[in-house]
Each structure stands twice: as structure tokens, then as C-alpha cells.
Amino acid sequence: MKRNLKNGVLLLLCLAFLALTGCDSGREFDPENNNMYVSSEGKLSTSFEVAVDQSYFSEADMLGFCENEVKEYNRSKGASATAYQEEAAEEETLPVAIASFTYGQTARLVLDYGTTEDYIAFNERDEARAASVMFASAKNTTGLPDMTFVSVSDGSRVAAASIIGDGKLKILMVEGEQKVQVQGKLVYYSENVTVTGEDTAVTGQEGYSYLVFK
């Protein structure tokens, strides 16, 4: 009974824990201060940190559970059944990969996702982290509501149609509150976003938030 209870608690903790890559420019992901990172190519990484009772959960227990969840997801997508990108087949990008795992008084897991769809599907059991995330180049207004954005440079308001161009600007849509870091610099944002740095922001608690960066 005690073993079953421990396994049940471990399962619940790791499900929350799991519900938690950049390219050639921009600052690298800072998982200590941000829980989501989006590259200029739309690659997504997340971090999640939990307090750990080391007398109850060992490092091997937690890491092993996380590895198994990632392996099973990748297998279900027809990819290599591994939790680490370096162990995947040559030139294969895993749907989900463990980027790092640290263990102490707190444990932090950093995951890389092949697509935003993989992020949503992998985290679907955790409602808080299964929120929609969409990424696109700003080449047209498809999918954008009739709204205005706030300019980071001067605080002015601009219509969505006015930011459309050659696709160098990237648009990120996030549902619910997230601490986000982008690869590059923020240029525009929706009014429910709090900008915290040139490449970081906190999205709104309710509804959808939009970040435009280059």
C-alpha cells in the first residue's frame, strides 16, 4: 500500500513537472527566469521547477519517470523511442526531447519540442499547460483578430495590417499566462501583455496574447 501511494504521488508530481533552441541569433534560453522560449524558426522549449522532498523522491525516480513519458510520446509519433536528441536517428528531430534536468532542493526539467503541436499534445493532461500556442511569419493577417498592437519602441498603437511585410517579423500567440522569452527582440505586443525586457514578457492571465518579434 505504501509503495502504491508513493507511486501515485510520484505520478501526479511528475505529470505536473512534465507539463512544463534557438537558431543563429538572439540570447540563449534562460530557464531560471522564463518558462517558455520560442526561436525565430518557431521551435519551442519550456522549463518547469518543483520543490523536492529528497527523502521521498530520488533523482533516479524523477528522471526515470520523465524519460519514460518522453520516450512513450516519441514512440507514439513514430519517432525514435528515446528521450534525448543526441540519441535519435541521424538528422531526426524528436517531437519532444529532454534538454536538461537538475535536481536538488528543487528540480528543474527543460524540454525541447519539435513543433508547437507537439507541445500542446504532450501537455494535454495538464490543462494549465496545454493551452494553445501558435507561431507564424507576419506575411498576412490570416488568423489575426481585428486588433491593434502596442509598439515597444514608443508605446504607439498600430493596426495589425500595418505590421505585415516580408515575413521577417514573427507572431507568437499564447493562451493564458506564461513567462516567455523570444529569440530576438520584441517589436509589438497586444495590450494584455507585460513586457519585462527586450526579449521577455508575461502574457495575460485570460484569453490570447500576441507577441511580435524579429
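The protein has 3 helices and 13 strands. Both are DSSP runs, numbered from the N terminus: helices are H or I with at least four residues, strands are E with at least two. The model is predicted: local features need pLDDT of at least 70, side-chain atom pairs count only at pLDDT 80 or more, and totals for chains, interfaces and linings use all residues. Residues are numbered from 1 along each chain as its sequence is written, and side-chain values use heavy atoms, with hydrogens and water left out.

## Surface and cores

Of the 214 residues in the protein, 47% are buried. Buried means under 20% relative accessible area, exposed means over 50%, and partly exposed lies in between (1.4 Å probe, protein chains only). The accessible surface is about 11,100 Å², and carbon and sulfur atoms hold 48% of that area. These areas come from the Shrake-Rupley method with a 1.4 Å probe; for residues, only the protein chains shown count as cover.

The largest nonpolar core counts 35 residues. A nonpolar core is a set of buried Ala, Val, Leu, Ile, Met, Phe, Trp, Tyr and Cys residues joined through side-chain atoms within 4.5 Å. M36, I98, L111, L172 and L211 have the most contacts inside the core. Helix 2 (residues 59-76) gives the most to this core, with 5 residues. Apart from it lies another core, of 12 residues, including M147, I163, Y210 and V212.

What does M36 touch, leaving aside its neighbours within four places in sequence? Its contacts (heavy atoms within 4.5 Å) are F29, L44, S45, T46, Y119, V133, V174, Q178, K179, V180 and Q181.

An open sheet of 7 strands runs in the order 3-4-2-1-9-12-11, with mixed pairing. Two strands pair if DSSP finds at least two bridges between them. Strands of a sheet pair through backbone hydrogen bonds, either parallel or antiparallel. Strand 3 (96-103) and strand 11 (194-195) are the edges; each has a single partner strand, so one side of each is left without a neighbour in the sheet.

Strand 1 and strand 2 are antiparallel partners. Helix 2 packs on the sheet and touches strand 2, strand 3 and strand 4 (106-113). The direction of helix 2 makes about 175 degrees with that of strand 3. Axes here are lines fitted to C-alpha atoms, for helices over the stretch in contact, and angles run from 0 to 180 degrees between N-to-C directions.

## Antiparallel pairs

| Strands | Bridges | Partner residues |
|---|---|---|
| Strand 1 (36-38) and strand 2 (44-51) | 3 bridges | V38 and L44 |

Strand 6 and strand 7 form a hairpin with 5 residues between the strands. There, G155 takes a positive phi near 80 degrees.

## Aromatic pairs

How many aromatic pairs does the structure hold? The structure holds 6. The rings of F29 and Y37 have centres 5.4 Å apart and planes at 35 degrees, so the pair is tilted. Rings of Phe, Tyr and Trp (its six-membered ring) pair if their centres lie within 6.5 Å; planes under 30 degrees apart count as stacked, over 60 as edge-to-face and the rest as tilted. F29 counts as buried because its relative accessibility is 17%. Y37 is at 1%, so this residue is buried too.

Y113 and Y119 make an edge-to-face pair, 5.3 Å centre to centre with 85 degrees between the planes. Both residues are buried. Ring pairs link Y73, Y113, Y119 and F122 into a cluster.

Y37 belongs to strand 1. Y37 and K179 lie 142 residues apart in sequence, yet their C-alpha atoms are 8.7 Å apart in space.

## A loop residue with positive phi

Where is E91 found? E91 sits in the loop between helix 2 and strand 3. Its relative accessibility is 78%, so E91 counts as exposed. E91 is not a glycine, but its phi is positive, about 65 degrees. Most residues other than glycine have a negative phi.
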